[in-house]
Amino acid sequence: MILQTVLLALAVLTGMFVQGAESPVSLTVQVHKPAHKISPYLYGIFFEDINYAADGGLYAELVQNRSFEFKGADALFAWSKVERGGGAVSISVETDRPLNASNPHFLRLQVQNVGKGAGVANSGFGGIAAKGREKHLFSVHARAVGGFRGDLTARLESANGKLLGSCRVGSLSSDWKRFTGAIVSSVTDTNAQLVVLATGTGTVDLDVVSLFPENTWEKRPNGLRADLVQMLADMKPSFLRFPGGCIVEGKDLDNRYQWKDTIGDVAGRRMNWNRWQNAVSIKAPQYYQSYGLGFFEFFQLCEDIGAEPLPVLNCGMSCQYQDKQLVPLDQLDPFVQDALDLIEFANGPVTSPWGAKRAALGHPAPFHLKFLGIGNEQWGETYFERYPRFHAAIKAKYPEIQLVSSAGPSPDGQWFDYAWPRLKGIPADLVDEHYYKSRQWFFDNAHRYDGYDRNGPKVFAGEYAAGARRRNNLEAALAEAAFMTGLERNSDVVTLASYAPLFAKIGSTQWYPDLIWFDNTTVYGSPSYYVQKLFSLNRGDVVLRTKVSATNLFAAASRDNRTGEVILKVVNPTAAATETSIRLEGVVAVAPTAKATILTSTKPSDENSLREPAKVAPVTSPVRGVAREFRQTFKPYSLTILRLNAAK
């Protein structure tokens, strides 16, 4: 009797009795009572140039500071002088007769002696990843001054000077001219450098020194890093928000992102300093934006991966956390015109001024823009003095464009409460809510939208991540997954959602957690990446009502109209395996075998890394014994996706 009492007590303490075979949790899916349609745009992605996401990341350029536009003492950052075997050269950044007004600085080499090498070397973004037996496309704008006679040799070298491959370009004249060549590296070297040597004495000027792998995404010139794009394409996102984020606002108005600076010849794109240089505790003083990845490339990427473009533009306000600059209301018209011009650039006919510019870049067909964000995390009266000006002008000319407005930097509090009544009155199409909260907040807010006004503006869950400033582990991913079950169940209100930030370069990170991590050669997804991917790939067409008898499970169900499958998403964030009795109401028959995809690991603190990129990754396997009512045990610390073939 004493032994039985002890065993009973242990069972209760461990949860074995409560959640064991004798008293399973019940989960009912009302297949015969479909609710609302799920927004086809629900799961997307958000890009901001933070954590070296663009230059040094998605943008495949291998040369850092290629146009010598870094400021002050950093003018020659990533560059060094090369003098070998008697070679002698002096280098300086100059501004006389520049390549163009948008790119006023260039490098001057004054070669006194060629020797065995006189020129410069570029170390890239923490080394250049040279790929063996593959082409690397070199280009440079150059001119000869001061009696220079000769050519230029571009070399890929190892860190200790071993030649990996080279090409020769020339002949130079007194006018700026672009030269191109191809370098095939003999071996793979993840820490190579680009060396540019003069073959004669005299003075030579260089600008926009560039090196790209030939194998960019779709092999496009000025292209994107293929493995990083593939990670995005694999998610099948419904939209891509660009270019931010706080980048849109800028630390001050001069620093704001201006889309017209980012199109056309890359040599004429004005470099900007990145507002994440010193915005948080982790400083990055040499963080700049070349704008090589600009608005045309953004629209093109959206088209490639099947995502709706969702650009965001400045509304005449800089970051309210920093300089808080405002454009006077009587000077706001150029900002409004920028928005109208962007819509024309994306959608206008080739006979329109900005449609013609798009066509000249190689894309005569429109990009079919449907959404446009006005401002980022703006709040207060100053925002609501400006937003209506954009709303009125855009709706008058393009009534079909859905406008995204800001609810401020937080999902609650003074500015959030101030924003919503005003956005209902304008009215707004979509209200952008941001959530960087604790993991517990995400669990607690899985039912946040159950009581939202169904007749008000729709919600864009534009930025969220659980455990701001903490690591990307399984616990955070499950908190986000629990919250996302609520987004899906309420997708008549929440019509778009995206995690943020998207990318983080290892060793060059200003903000975490982040969805996708990479270095110069490798990329891996965090547990949160797999949550986002699983929700996106298993998106039904209509919500099915669910009832769960336990508070420790979070669930959402939908039906795929094409396959007829019931898709059940269940999050178990606890340490106990939870046996569940699943009942499918309103079905005639159910196929006895289903498919289960499970994301889990042994500890909630587990995370992925370069060494173990798939430590926390989904595994798919068959489930047998499925019926209109059957039992399924949900593993500890898990997200489970069940796809069930049920006939109504």
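**Salt bridges in a predicted model**

Is Arg-643 buried or exposed? Arg-643 is buried, with a relative accessible area of 10%. Glu-565 is buried too, with a value of 13%; the cut-off for buried is under 20%.

Before I go on, please keep in mind that this is a predicted model. How many salt bridges does the structure hold? There are 35, and I'll walk you through a few.

Next, please find Glu-297 and Arg-269. Their side chains meet in a salt bridge, at 3.0 Å from N to O. This pair links distant parts of the chain: Glu-297 sits in helix H4 (residues 295–305), while Arg-269 sits in the loop between helix H3 (246–249) and strand S15 (272–273), 28 residues apart. Glu-297 is buried, with a relative accessible area of 8%, and Arg-269 counts as buried at 7%.

Now for Asp-96 and Arg-108. These side chains also meet in a salt bridge, at 3.2 Å from N to O. Asp-96 lies in the loop between strand S4 (88–94) and strand S5 (106–113), and Arg-108 lies in strand S5, so the pair ties together parts that are twelve residues apart in sequence. Have a look at how open each partner is. Asp-96 counts as partly exposed, at 33% relative accessibility, whereas Arg-108 counts as buried, at 14%.

Which residues are linked with this pair in a network of salt bridges? The network is made up of Asp-96, Arg-108, Arg-143 and Asp-205.

Arg-358 is found in helix H6 (residues 353–360). Arg-358 is buried yet has no salt bridge. Where is the nearest side chain of opposite charge? That is Glu-344, 8.1 Å away. What does the side chain of Arg-358 reach, then? It reaches the backbone oxygen of Phe-345, at 2.9 Å.

Technical notes
Residues numbered from 1 in each chain as written. Predicted model: local features only at pLDDT ≥ 70, side-chain atom pairs only at ≥ 80, totals over all residues. Heavy atoms only, no water. Salt bridge = Lys/Arg side-chain N within 4 Å of Asp/Glu carboxyl O. Helix = DSSP H or I, 4+ residues; strand = E, 2+ residues; numbered from the N terminus. Buried < 20%, exposed > 50% of the residue type's maximum accessible area, 1.4 Å probe, protein only. Lys, Arg positive; Asp, Glu negative; His and termini not counted. Polar contact = N/O pair within 3.5 Å; in protein donor to acceptor, adjacent residues only side chain to side chain.
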